[in-house]
Amino acid sequence: MGLDLRHVMRSSPYWPVVGHTTLRRVLPGFAVSALGDGMAVVAVSWLAIELAPAADRGVWVALAAASYTLSGAVGALLLGRFLRHRPPARLAGWDAALRAAALGSIPVLHAFGVLGIEGYVALLAVSSVLHSWGQGGVYTLIARVLPERDHLAGNAVLSGVGSIATVVGPPLATLLIVFGGPATVLAVDATTFLVLAVTFLVAVPKDAVPEPEDDTASRTAGFAVIRRVPALSGLLTLSFAFFLLFGPVYVALPLHVSDDLGASAGVLAAFYTAFGIGAVVGSMLTGFLSRWRMWPTTVGIVIGFGALVLPLGVGAPTAVSIVCFGAAGLLWPPYSTLSTTLFQRSAPSALLAQALAANSAVRVLSVPLGTALGGPLMASLGAVGALRLSGAGIAAVGLVAASALALRAARTRRESATGAAEPSGAESEAGTDTERGQGSSRGPAGGEQPHRA
């Protein structure tokens, strides 16, 4: 039995990841930090509801949720001159250290009674300034220490850790909110980020992560790489629309729970926990998708995700809405992991951190922009209307992408039938093994905890 279990473990696509010397040092700290972030997903909006004036709660909840990530996009654009040559472990460590300091200030100021909603939003913004670079550092480390065949599994492990945290984190946050308030949850979150900072800055040896031979990239090199590869620019466009339309959920769902349903933070935690359970299952399955065609899979995920969010906005019973939200969580990790893998394989090693930071910046920007739109949407449509618009909009974006994919496939078939020359570069990618997660470094043609999206 012991030998059989060992054989099963070693035959798993995840074994090269969890058994890697460097990643064994990183994953525990990442898991602790993910748990803290899973708790914060409830506490950030709940503390904003407590601090904001009753008449403007929708606007301030939107600003709080947006500021927690929005400044990361600004940091990606403005700090490249200082950070683009830094080792990936250093980038991740600095991001975690800044988050620990800024988030740790919130409960201290709250305890002394001097924390207003404006200061709260400002501290949330400061905490995320380095987040795009930190995310880029984490996934650059994965790409450099693992062979290409294990990139998808490595990304899936990180996504799975975050997903498990979204299951365990919200119930823990609910208990802490009951006994100590949401500021206590943020104090715990800050402590977990301190653990992560120590992990990356101390536990990862300097020579453990290979450095590229050419490291002369400019500040805008990451965006230049994305522009040069149609597959990546198209995928980033789809991702931007997807996450933009998901953003209002962060505002509408807490207010729907507190105002429309008249429920407690425990019901909000149930929604996020269900999402997390689905995400855990999705993360476990993602590592086995290496033979799936990435572009059709991505489009299908977007359509399915929108359809599963829609019941929240059409008056479905709370239990049904929670189940659907959990099913949507099942689709989140595969989309995020597959698209990140495409970036890892498509960008030159010397430009990988920059390309991933640019990718993260655009994706980080899209969710808070959508979240900021949640305030006006709440004022005009109410929480249920905003949720309905979000779900329908995401599904519509997926259908548009599916139509574009079908037209592209039809054009390729016509060219093949008329004896046209084989398309090169990104144009030939739709039918290659790369689209299935294998082979060359190019991705498919066409158009990547929720807080760790």
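At what angle do helix H6 and helix H10 pack, and how far apart are their axes?

## Two packed helices

In this predicted model, helix H6, which covers residues 88-111, packs against helix H10, which covers residues 182-203, at an angle of about 155°, and their axes lie 7 Å apart. Because an angle over 145 degrees counts as roughly antiparallel, H6 is described as roughly antiparallel to H10.

The crossing of H6 and H10 is left-handed, and the residues of the contact between these helices divide into 19 nonpolar, three polar and three charged.

Side chains of opposite charge can pair when their charged atoms come close. A search of the whole structure finds one salt bridge, and Arg-99 forms a salt bridge with Asp-95, with the closest N and O atoms 3.9 Å apart. Arg-99 and Asp-95 both belong to helix H6, and because they are four residues apart there, about one helical turn separates them.

## The largest pocket

Rolling a probe the size of a water molecule over the atoms shows where empty space is left. The largest pocket has a volume of about 300 Å³, and of the 14 residues that line this pocket, the closest to its centre are Ser-12, Tyr-14, Val-18, Val-157 and Met-284.

Helix H2 (15-18), helix H9 (151-180) and helix H14 (265-286) each supply at least two residues of this lining, and the largest share, five residues, comes from H9. When the residues of the lining are sorted by kind, they divide into eleven nonpolar, three polar and no charged.

Conventions:
Residues are numbered from 1 along each chain as its sequence is written. This is a predicted model: local features need pLDDT of at least 70, side-chain atom pairs count only at pLDDT 80 or more; totals for chains, interfaces and linings use all residues. Side-chain values use heavy atoms; hydrogens and water are left out. On a 1 Å grid over the protein atoms alone, a cavity is a set of points where a 1.4 Å probe fits but cannot get out, and a pocket is an open set with protein on both sides within 12 Å along at least five of seven lines; lining residues have an atom within 4 Å of a point. Grid points are joined across faces, edges and corners, and a volume is the space filled by probe spheres set on the points. Ala, Val, Leu, Ile, Met, Phe, Trp, Tyr, Cys and Pro count as nonpolar, Asp, Glu, Lys and Arg as charged, and the others, Gly among them, as polar. Axes are lines fitted to C-alpha atoms, for helices over the stretch in contact, and angles run from 0 to 180 degrees between N-to-C directions. Angles under 35 degrees count as roughly parallel, over 145 as roughly antiparallel, 65 to 115 as roughly perpendicular and the rest as oblique. A crossing is left-handed if the near helix is turned anticlockwise from the far one by less than a right angle, and right-handed if clockwise. A salt bridge is a side-chain nitrogen of Lys or Arg within 4 Å of a carboxyl oxygen of Asp or Glu.
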